[in-house]
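Here is a short report on one protein chain.

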Amino acid sequence: MNTGAEAPAAASAPDHRTDPAATMSYVYAVGRAGTALDTAADRLAGLEDGPLRTVTSEGLAALVSSVPAGAYGEAGIRARLEDLTELAALARTHHAVVEAAYAGTTVLPMRLATVYLDDARVRAMLEERGTDFMEALGWLEGHVELGVKVYADPREAAAAPPPVAEPPTAEGPVPAALSPGRAYLRQRRQERRHHRDAYRAAGAVAGAVPDRVAGLVRARVAHRPQQGELASAAGENIANEAYLVAVERVEDFHRVLAGLADGLPGVRVEITGPWAPYSFATVPAAGGRA
């Protein structure tokens with residue numbers, strides 16, 4: 001089932017170059033209209049430290065703030081998304097608003113940089129997609145997103161103490177000292193073995209995760225493993241998955257995965273969250289579900 005709330009494509013902005021005071025409507029999330037979202041809007045700040053408000057229609061409410069049209073129109077938002085510093089700042093504020101709102105009520109996180117020309121366009125979007133949004137809200141109600149990442153770290157595996165070997169018997173031969181060349185070749189073979197073993201073990205652990213949590217989750221999404229600047233942890237991220245879990249099963253989720261990598265040098269399992277369910281908030285394009 002394809003669920004959640006992916007935002008419709010951002011509206012094309014008119015030429016605002018002659019009106020530096022012009023603003024547009026940035027949408028963070030959609031939820032059911034009511035006190036919970038109104039309260040969140042009153043106590044949170046959005047991009048550019050602007051106040052939040054709700055735009056309502058058909059029992060739904062969008063959490064919105066005004067942003068400068070010059071900076072968030074088509075050209076401006078493209079430049080922000082291409083600048084890692086600007087992108088990080090945008091993402092932090094967007095996610096902070098969504099997480100704070102989700103703490104009080106179920107919301108559908110909108111895609112980063114969802115901008116409309118004005119509140120009237122936001123209201124029209126709610127009217128057009130109301131059925132999909134309501135269905136998605138019902139599907140996500142009472143659930144959170146938990147992430148599971150599996151890492152392989154051959155260096156850690158190589159640094160681990162070797163297994164304790166049986167002491168040689170009195171009758172056994174005394175090992176001959178290795179020449180520098182042979183010692184180097186032996187070290188290289190050990191490094192390759194550590195590398196191979198770490199990745200094999202990490203792959204086996206990653207494959208075991210879905211089976212262990214199968215009875216606790218509503219849905220699973222496999223994301224591309226994080227690389228480069230996104231992969232801040234040691235080792236290589238070989239599995240990056242998201243799970244939709246009922247709030248009351250979060251502790252059980254942690255329990256069934258506890259110790260999964262114990263005794264496996266160079267393998268690490270990281271559980272993140274709970275988060276608002278970004279990975280499961282995808283409403284298909286108008287015209288029906290995929």
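Residues 24 or more positions apart account for 81% of the contacts in the protein chain with a separation of 6 or more; contact means heavy atoms within 4.5 Å. This is a predicted model, in which local features need pLDDT of at least 70, side-chain atom pairs count only at pLDDT 80 or more, and totals for chains, interfaces and linings use all residues. Residues are numbered from 1 along each chain as its sequence is written, and side-chain values use heavy atoms, with hydrogens and water left out.

The protein chain has eight helices and nine strands. These are DSSP runs numbered from the N terminus: helices are H or I with at least four residues, strands E with at least two. Of the 290 residues, 39% are buried. Buried means under 20% relative accessible area, exposed over 50%, and partly exposed in between (1.4 Å probe, protein chains only). The accessible surface comes to about 15900 Å², and carbon and sulfur atoms hold 53% of that. Such areas come from the Shrake-Rupley method with a 1.4 Å probe; for residues, only the protein chains shown count as cover.

Now the sheet. Four strands form an open sheet in the order S7-S8-S6-S9, with antiparallel pairing. Its edge strands are S7 (217-223) and S9 (267-275), each pairing on one side only. Strands pair if DSSP finds at least two bridges between them. Strand S6 (residues 143-152) and S8 share ten bridges in the antiparallel sense. Leu146 has Tyr243 in S8 as its bridge partner. Helix H8 (residues 250-257) packs on the sheet and touches S6, S7, S8 and S9; its direction makes about 15° with that of S6. Axes are lines fitted to C-alpha atoms, for helices over the stretch in contact, and angles run from 0 to 180 degrees between N-to-C directions.

Asn237 lies in strand S8 (residues 236-246). Is Asn237 buried or exposed? Asn237 is buried, because its relative accessible area is 2%. Its side chain has these polar contacts (pairs of N or O atoms within 3.5 Å, one able to donate a hydrogen and the other to accept it; residues adjacent in sequence count only if both atoms are side-chain atoms):

| Backbone atom | Distance to a polar atom of the Asn237 side chain |
|---|---|
| Val150 oxygen | 3.2 Å |
| Gln226 nitrogen | 2.8 Å |

Ala71 sits in helix H2 (residues 69-72). Ala71 is partly exposed, with a relative accessible area of 23%. Not counting residues up to four places away in sequence, Ala71 touches Gly76, Ile77 and Arg80.
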